[in-house]
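Biologist: I would like to go through this model and hear the criterion behind each label. Please set each value against its definition.

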Amino acid sequence: MMSKILIIEDEPAMQLGLRDNLEFEGYQVNVIGDGKEGLDEIMTDEYDLVVLDVMLPNMSGFDVCKSARSLGNNTPIILLTARGEEIDKVLGLELGADDYMTKPFSLRELLARIKANLRRYTPDELKSSSGLQIGNLILDFDAYKAQSSVDEQEIKLSHKEFEILKYLFENKNKVVSRFDLLENIWGYEEQPTTRTVDNFIARLRHKVESDHNHPRVIITVHGTGYKMII
Ligand code: CA
């Protein structure tokens, strides 16, 4: 399948060069020239990899990277730094970038890094070995096991809670109505109300969200249902 790459970079010449070369390599490419808009795009659409410049209007690449990670997004990120920028910080865990390149760099080298990072993050690997991270949880849907991404303690989830997370994840970044959930998780035999769904979501938020009063992973879509932001 064609990998989808987001480039967040404001210099027109770099935008053009990166887009042309990545498209030539067969990637699907989207380019954004603003840090804040870039972060929104990472959080709303699904990408296989992000190439992120550090010097950007409205929000620095450092902050974009840090925010994406703290919101639970694990898309591989390659930072483009200028010589002399704080490389220690770039590679530090606090920032959560996967790789970096110092400008000026050769396109051939960047393409090699992109390939290497895409290989490391194939979805199958994610699911089978290290588990899938959703908010504060690392989930193994095959074994019905969950642990905290903060302290690695096992977190108890009921079968229905797993099913709800799985369903929301399969429909991530889309609105899922309460009725969709009722029909797909509870089925026709049981007759719960939409309030049951809300109660389950409230319980799940305590386990998934850093602050359950201000959810950022399972958000409420007013009047309709819910949306998982990954
Ligand atoms: Ca720049």
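Biologist: Which residues does Ile164 touch, not counting residues up to four places away in sequence?

Modeller: Ile164 touches Leu181, Ile185, Trp186, Phe200, Ile201 and Leu204. Contact here means heavy atoms within 4.5 Å. This is a predicted model, in which local features need pLDDT of at least 70, side-chain atom pairs count only at pLDDT 80 or more, and totals for chains, interfaces and linings use all residues. Residues are numbered from 1 along each chain as its sequence is written, and side-chain values use heavy atoms, with hydrogens and water left out.

Biologist: What is the average pLDDT of the protein chain?

Modeller: The average is 86, and 89% of the residues score at least 70. pLDDT is the predictor's confidence in each residue, from 0 to 100. Over residues 124–129 pLDDT stays under 50, and the model has six contacts for them beyond four places in sequence.

Biologist: What makes a set of residues a nonpolar core?

Modeller: The members are buried Ala, Val, Leu, Ile, Met, Phe, Trp, Tyr and Cys residues, joined through side-chain atoms within 4.5 Å. The largest such core has 28 residues, of which Ile134, Leu139, Ile164, Leu165, Leu181, Ile218 and Met228 touch the most other members. At least two residues of this core come from each of β6 (132–134), β7 (137–140), α7 (159–170), α8 (178–186), α9 (194–208) and β11 (225–228). The most is given by α7, with six residues. Another core, of 22 residues, lies apart from it and includes Val50, Leu52, Met59 and Ile77.

Biologist: How are the helices and strands assigned, and how many are there in the protein chain?

Modeller: They are DSSP runs, numbered from the N terminus: helices are H or I with at least four residues, strands are E with at least two. The protein chain comes to nine helices and 11 strands.

Biologist: Why is Ser67 called buried?

Modeller: Buried means under 20% relative accessible area, exposed over 50%, and partly exposed in between (1.4 Å probe, protein chains only). Ser67 has 19%, so Ser67 counts as buried. Ser67 is placed in helix α3 and touches Leu39 and Met59, residues up to four places away in sequence not being counted. Of the 230 residues of the protein chain, 45% count as buried.

Biologist: How do you know which residues coordinate the calcium ion?

Modeller: Donors are N, O and S atoms within 2.8 Å of the metal (3.2 Å for Na, K and Ca); water is not among the atoms, so sites may look incomplete. Asp10 (OD), Glu11 (OE), Asp53 (OD) and Met55 (O) coordinate the calcium ion at 2.1 to 2.9 Å, therefore they meet the 3.2 Å limit for Ca. Along the chain these donors follow the spacing D-E-x41-D-x1-M.

Biologist: Why are Asp10 and Glu11 called partly exposed?

Modeller: Asp10 has a relative accessible area of 29% and Glu11 has 36%. Both values lie between 20% and 50%, so both residues are partly exposed.

Biologist: What makes the pair of Arg69 and Thr75 a polar contact?

Modeller: A polar contact is a pair of N or O atoms within 3.5 Å; within protein, one must be able to donate a hydrogen and the other to accept it, and residues adjacent in sequence count only if both atoms are side-chain atoms. A polar atom of the side chain of Arg69 lies 2.8 Å from the backbone oxygen of Thr75, so the distance is within the 3.5 Å limit. Arg69 lies in helix α3 (residues 61–70).
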